[in-house]
Amino acid sequence: MTKTKAVRVSLVPDAVWREAFAEASRFRGEFYECLTARRDELFELTDAVLCADGAVKSPVDLTLLPEHRRGHGAMYGGLNHGRLDVDRLRAVLAGLPLPRFDGGRLVLAVDVSPWLRSDAPCSADRLFCHVYGRAKTASQFIPGWPYSFVAVLEPGATSWTALLDAVRLGPVDDATAVTATQLRGVVERLITCGQWQPGDPDIVIVSDAGYDVTRLAWVLRDLPVELVGRVRSDRVMRLPKPLRQPGTNGRPPKHGPEFRFAKPETWPEPAVTTVTDTANYGKAETQAWDRVHPRLTHRSSWLDHDGELPLVEGTLMRLKVEHLSKDRDAPPVWLWSSKTGATFDDVDRFWQAFLRRFDLEHTFRFAKQTLGWTTPKLRTPEAADRWTWILIVAHTQLRLARPLAADLRRPWEKPTTSDRLTPARVRRGFRNIRAHLACPARVPKPRGVGPGRPPGAKNKHRAPRYDVGKTVKRPETLKAIGKPGRSW
């Protein structure tokens with residue numbers, strides 16, 4: 001057994017302790033009320049995930065822990081037949097204390113992480129998930145369940161995020177439409193819970209290059225949000241249309257000259273240029289151009305748009321750092337923001353918020369490698385959804401228990417303060433914290449052993465097989481669906 005050393009580097013005020021205990025107990029009680037079927041089993045399964053020693057290798061091993069007072073059959077029954085009021089739980093998560101950046105600004109990140117199930121032909125709703133390999137050309141597509149997560153980011157270098165929502169993408173779903181609906185629901189819940197009020201700075205939403213950031217900016221234009229997303233380095237956008245000279249005949253142009261990312265000769269003088277000295281990456285130089293927009297066509301996510309296509313203008317940024325930890329000659333990063341007329345402070349805030357988006361990758365790795373998110377071999381996607389929400393609740397309890405955790409470090413680990421503990425180090429001492437928290441789960445009643453299948457009987461009901469991939473094929477252009485009266 002590996003030895004640990006309990007070290008308390010800094011003392012937490014008693015008022016902070018009492019408030020942290022009260023908030024964690026309150027959340028546990030509200031989570032218990034969100035469980036509408038098999039609630040005692042699902043609640044104890046969540047505690048078992050938090051109190052297990054080391055990484056979760058199999059859910060059935062969690063039934064051997066003292067925090068799980070029911071048998072392994074109850075665990076399978078809870079995941080397969082339990083019920084959870086997801087809408088109520090989402091509202092509870094939105095009402096918790098959330099991290100904020102300077103000025104009290106909320107920064108959200110959206111990203112997709114796959115639950116790979118390549119060897120599960122009896123599992124429905126699987127899609128081909130894009131998985132990166134060790135080499136740049138080693139990417140592949142593996143069947144699985146992709147989940148879209150939305151989390152609140154923290155300022156500074158940290159591996160903590162506040163998960164707020166998770167949606168599984170199905171075979172008939174449009175990823176952009178699902179993401180827009182998901183973000184709208186999260187922002188509206190934050191406003192309802194009082195996390196954002198009129199007069200507060202707009203909520204920043206950061207995304208990677210896999211999202212149509214201009215489409216999201218148009219769909220969410222009625223919300224107090226600013227979209228910041230990375231765009232591919234081979235894109236071609238348009239500058240603002242030039243001023244119309246007096247006496248010019250003909251139809252006025254809608255777009256300005258082309259802005260080719262790969263051709264610097266097409267770049268005009270940037271509106272804003274910032275240079276920042278970073279601690280890890282040296283000098284970071286950012287060039288920003290105002291009112292840069294793509295030339296939209298009735299394709300992809302804009303295929304069903306009625307009427308004339310809009311002009312979605314924003315701020316285009318080119319970020320170039322002096323050096324990275326692994327690549328000395330890293331290419332620049334192109335970002336696009338839905339905010340126009342950005343100032344020097346806005347440009348710095350945009351690219352710094354985008355860099356914090358990678359903290360969500362630490363959350364995915366912790367959920368998969370430590371909490372065992374993709375470990376269970378669950379057959380139905382509904383059971384996978386329940387297990388996903390259980391781990392979101394477990395991660396939230398670790399975040400609320402940060403002020404309460406002692407530094408149970410390994411002999412080779414350096415001591416650290418309570419505010420610098422990682423989720424894995426907070427989880428080591430959660431069993432001691434749980435003893436002082438509210439536990440609304442009831443004591444199990446002995447019911448004996450179930451009859452099970454009679455000896456020698458064969459399973460006569462074979463599970464159905466499901467194909468992998470999209471089941472709805474959308475037309476690529478307006479010509480394919482035969483809608484006249486629209487101009488290109």
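**Figure 1. Helices α2 (39–51) and α4 (72–81) at the second largest pocket of the predicted model**. Each of these two helices supplies at least two residues of the pocket lining; helices (H or I, at least four residues) and strands (E, at least two) are DSSP runs, numbered from the N terminus. The lining has 19 residues, and R70, A74, P444, K445 and R447 lie nearest the pocket centre. On a 1 Å grid over the protein atoms alone, a pocket is an open set of points where a 1.4 Å probe fits, with protein on both sides within 12 Å along at least five of seven lines, and lining residues have an atom within 4 Å of a point. The volume is about 620 Å³, taken as the space filled by probe spheres set on the points, which are joined across faces, edges and corners.

Residues are numbered from 1 along each chain as its sequence is written, and side-chain values use heavy atoms, with hydrogens and water left out. The model is predicted: local features need pLDDT of at least 70, side-chain atom pairs count only at pLDDT 80 or more, and totals for chains, interfaces and linings use all residues.

**Figure 2. Strand β15 (residues 333–337) and its pairing with β9 and β14**. Four of the five residues of β15 are buried, so the strand is largely enclosed by the rest of the structure; buried means under 20% relative accessible area, exposed over 50% and partly exposed in between (1.4 Å probe, protein chains only). G229 stands opposite W336, and M317 stands opposite L335.

**Figure 3. E226 in strand β9 (residues 225–231)**. E226 is buried, at a relative accessible area of 6%. Beyond its neighbours within four places in sequence, E226 has contacts (heavy atoms within 4.5 Å) that include R105, D202, K339 and R349.

**Figure 4. Strands β6 (residues 140–153) and β7**. The two strands pair in the antiparallel sense over seven bridges, and the bridge partner of L153 is T161 in β7. In β7 (residues 161–168), eight of the eight residues are buried.

**Figure 5. P97 in the loop between α5 (86–94) and β4 (107–116)**. P97 is partly exposed, with a relative accessible area of 47%. Residues up to four places away in sequence aside, P97 touches E23 and R399. P97 and L400 are 303 residues apart in sequence, with a C-alpha to C-alpha distance of 8.7 Å.

Technical notes. Pairing = 2+ DSSP bridges.
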